[in-house]
Amino acid sequence: MFTFEPEIPMSDEEFRLIRDLIYSHCGLYFDNDSAYLLEKRLAKRVQLHQLPGFRDYYHFLRYNRKKDQELSDIMDVLTTNETYFFREAFQLKAFTQEIIPEIRDAKAKAGDRTLRIWSAGCSSGEEPYTIAMLLLEMGGFAGWHVEIIGTDISQRVIQQARKGVYGKSSFRVTDEGYVRRYFTDQDGMFRVNDRVRELVTISHLNLLDTNRIALLGRMDVIFCRNVIIYFDQAARKTVIDSFHRVLRDGGYLLLGHSESLMNISTAFSLKHLRNDMVYQKPLPPGGRP
């Protein structure tokens with residue numbers, strides 16, 4: 001069986017240097033078993049810049065005036081962005097039937113008619129647009145300021161999310177009614193309509209950039225599904241601590257079903273809802289969201 005061998009080999013030392021640099025930049029961690037994967041995916045970048053080898057590429061990433069752009073570009077090479085609309089149905093049912101009604105009622109009683117939701121690691125945008133469609137279906141937000149913020153570290157998928165145009169694979173579990181109500185046929189593809197788009201803002205964000213995260217402001221709900229599995233323990237803690245700081249008291253953190261906060265943080269309560277288990281930032285004694 002034919003196996004592709006990268007034309008430019010990466011030594012163990014070069015692997016450690018580049019791996020650690022990528023980790024310090026964004027929290028993505030490659031263990032020793034991933035050395036060949038990193039070598040294979042970055043070999044084309046070495047060739048693109050006409051560099052003799054990976055040591056020169058490491059110096060490029062450290063010192064070249066285009067280093068920030070290169071680090072941004074290789075995120076597209078190193079990250080996986082497979083997603084689709086209405087993923088993890090039980091969690092979305094808990095979101096619409098339990099979480100949002102609770103938040104809406106509590107905030108309405110307090111005279112606060114704002115709802116802010118963050119889709120962290122939103123990839124090509126299916127998740128934030130799904131959230132927007134669900135809120136439109138629910139209704140009950142007349143006179144409210146509703147804002148859904150989708151962020152990702154990959155510039156390529158951010159551009160796709162902003163375009164809001166999708167092929168059939170994105171609709172693998174989507175009810176046909178949603179497609180009719182919220183999309184326009186565009187040359188065999190489907191474009192998200194303006195009712196949905198006006199609720200969503202798409203931005204580039206590195207989840208290890210705690211200063212930028214602080215600028216997002218307070219959130220009522222954070223979705224971060226199937227993202228922290230790519231981080232090591234220290235990076236996970238950094239990200240989760242940032243989520244805790246920006247969540248309002250009583251706000252919710254929704255992770256992927258294969259993810260948990262075990263050994264990462266004790267600052268959240270695991271809440272057993274009828275449809276799913278989610279994490280909640282506890283209210284202060286006698287407090288409310």
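Colleague: Which residues does I18 touch, leaving out those up to four places away in sequence?

Modeller: A contact here means heavy atoms within 4.5 Å. Not counting residues up to four places away in sequence, I18 touches M10, L38, L42, F54, Y57, Y58 and L61. Keep in mind that this is a predicted model, where local features need pLDDT of at least 70 and side-chain atom pairs count only at pLDDT 80 or more, while totals for chains, interfaces and linings use all residues. Residues are numbered from 1 along each chain as its sequence is written, and side-chain values use heavy atoms, with hydrogens and water left out.

Colleague: And which residues have the most contacts inside the largest nonpolar core?

Modeller: In soluble globular proteins, nonpolar side chains tend to be buried together. A nonpolar core is a set of buried (under 20% relative accessible area, 1.4 Å probe, protein chains only) Ala, Val, Leu, Ile, Met, Phe, Trp, Tyr and Cys residues joined through side-chain atoms within 4.5 Å. The largest one has 47 residues, and I18, I22, W118, L207, F243 and L253 have the most contacts inside it. Elements that each supply at least two of its residues include α1 (12-26), β1 (114-120) and α11 (233-246). Apart from it lies another core, of 41 residues, with I103, V192, L199 and Y252 among them.

Colleague: What share of the chain's residues count as buried?

Modeller: That's 51% of the 289 residues.

Colleague: How many helices and strands are there?

Modeller: They are DSSP runs (helices H or I, at least four residues; strands E, at least two), numbered from the N terminus. The chain has 11 helices and 10 strands.

How values were computed. Buried means under 20% relative accessible area, exposed over 50%, partly exposed in between (1.4 Å probe, protein chains only).
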